[in-house]
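Student: I am new to this structure and would like a close look at a single part of it. Could you take me through that part slowly, in connected sentences?

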Amino acid sequence: MLGFLLNNKEVQEVEYMAKKEMEELLLDLTDPRIDDVVKKAMEEKYQIIFGIYRRFASPKECAKYIRTPQDRRMKQ
């Protein structure tokens, strides 16, 4: 496990970058032209980024980005 200190501005930037990446991945996961194998890799990446985001954002903000198994089936 690694640790590092961030000031408030840096925390906001990490939060912003994670949100933008997750939004882009969610959009791409709905694209029917993308192969299922690629979507699986994208879903794994989403889960990693969400884990990072969860460390910085409030539970209320995190709730907006939680993906359920039903979400995964519907959008693929």
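Is Lys40 buried or exposed, and what is its relative accessible area?

Tutor: Lys40 is exposed, with a relative accessible area of 52%, where exposed means over 50%, buried under 20% and partly exposed in between, with a 1.4 Å probe and protein chains only. This is a predicted model, in which local features need pLDDT of at least 70, side-chain atom pairs count only at pLDDT 80 or more, and totals for chains, interfaces and linings use all residues. Residues are numbered from 1 along each chain as its sequence is written, and side-chain values use heavy atoms, leaving out hydrogens and water.

Lys40 forms a salt bridge with Glu44, their closest N and O atoms being 3.4 Å apart; a salt bridge is a side-chain nitrogen of Lys or Arg within 4 Å of a carboxyl oxygen of Asp or Glu. Both residues lie in helix H2, 4 residues apart, about one turn of the helix, a helix being a DSSP run of H or I with at least four residues, numbered from the N terminus. An α-helix has 3.6 residues a turn, so residues three or four places apart point the same way. Glu44, at 47% relative accessibility, counts as partly exposed.

Key. Helices (H or I, at least four residues) and strands (E, at least two) are DSSP runs, numbered from the N terminus.
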